[in-house]
Structure formats: C-alpha cells, structure tokens
Amino acid sequence: EYNGLRELIDGQMRFVGETAMHVYETEFATQYKADADAHLGVILDSSGGHWNETVFTSEVMTPAMDSGADVGNLTLAALEDMGYETTYASETMIG
C-alpha cells in the first residue's frame, strides 16, 4: 500500500519518502521544527491519504478544497518518491 511509503509511527500516519521528507524539512521548516517526529516522516491526516490540513494548508493534497491550493513541491516530491516523473528536480535537491 502506497509503495511502502506510508507508516504508522507513534499513532500518526506518516509519508516516509526521502524526497518529500527533504521538502518538509527545508520548505516547511517552522512546521518541521514543531513536529517532534518530523525526522520520521511527513505528517498525514487521520485517513493517512492526505497531507495534514493544519500543517500544509496550501498544498492541494490536503483533505479540504481550498481556493489557492496548488500542487506544491511537497506533493511533487511525494509523486517522485512513488516513481512518477515530475517537474520536481529531486536529483539536485537531495544530491
């Protein structure tokens, strides 16, 4: 399920793809630092199928449809982790 990229960690579903975790740490630094388990994965909502709405309000893969939400680097990075080719340059970001 989810290509082995989703894990239940301390009762919270997390996306554990390396590229998405890098984006979480670098582009969402404030949220990353406030999340004690951030180093273990990107926090998901309670269903485990969407980004956590409270943390990632502007990402399109949150459960609520917000005007102004976009396919940001976090979502593109997760797609890269799943094996899709996207416009996200993971090779240069993680190197």
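Is threonine 75 buried or exposed? I started my notebook with that one, keeping in mind that this is a predicted model.

**Entry 1: threonine 75.** I found threonine 75 in helix 3, which covers residues 73–81. Its relative accessibility is 7%, and buried means under 20%, so threonine 75 counts as buried. Setting aside residues up to four places away in sequence, threonine 75 touches Trp51, Glu59, Val60 and Met61. With glutamate 59 there is also a side-chain polar contact of 2.6 Å.

**Entry 2: leucine 74.** Leaving out neighbours within four places in sequence, I noted contacts from leucine 74 to Ala20, Val23, Tyr24, Phe28, Val42, Trp51, Phe56 and Glu59.

**Entry 3: the core.** I then checked the largest nonpolar core, which has 21 residues. Leu74 is among the members that touch the most other members, along with Phe15, Ala20, Tyr24, Val42, Trp51 and Phe56. Strand 2, helix 1 (18–27), strand 3 and helix 3 each put in at least two residues. Helix 1 gives the largest share, four residues.

Entry 4: Three of them make an open sheet, ordered 1-2-3, with antiparallel pairing. Strand 1 (6–9) and strand 3 (42–43) are at the edges with a single partner strand each, so one side of each has no neighbour in the sheet. I looked up how strand 1 is joined to strand 2 (residues 12–15) and found four bridges. One pairing I wrote down: arginine 6 has phenylalanine 15, in strand 2, as its bridge partner. Phe15 is a name I already had from the core list.

Conventions
Residues are numbered from 1 along each chain as its sequence is written. This is a predicted model: local features need pLDDT of at least 70, side-chain atom pairs count only at pLDDT 80 or more; totals for chains, interfaces and linings use all residues. Side-chain values use heavy atoms; hydrogens and water are left out. Two strands pair if DSSP finds at least two bridges between them. Buried means under 20% relative accessible area, exposed over 50%, partly exposed in between (1.4 Å probe, protein chains only). A polar contact is a pair of N or O atoms within 3.5 Å; within protein, one must be able to donate a hydrogen and the other to accept it, and residues adjacent in sequence count only if both atoms are side-chain atoms. Contact means heavy atoms within 4.5 Å. A nonpolar core is a set of buried Ala, Val, Leu, Ile, Met, Phe, Trp, Tyr and Cys residues joined through side-chain atoms within 4.5 Å.
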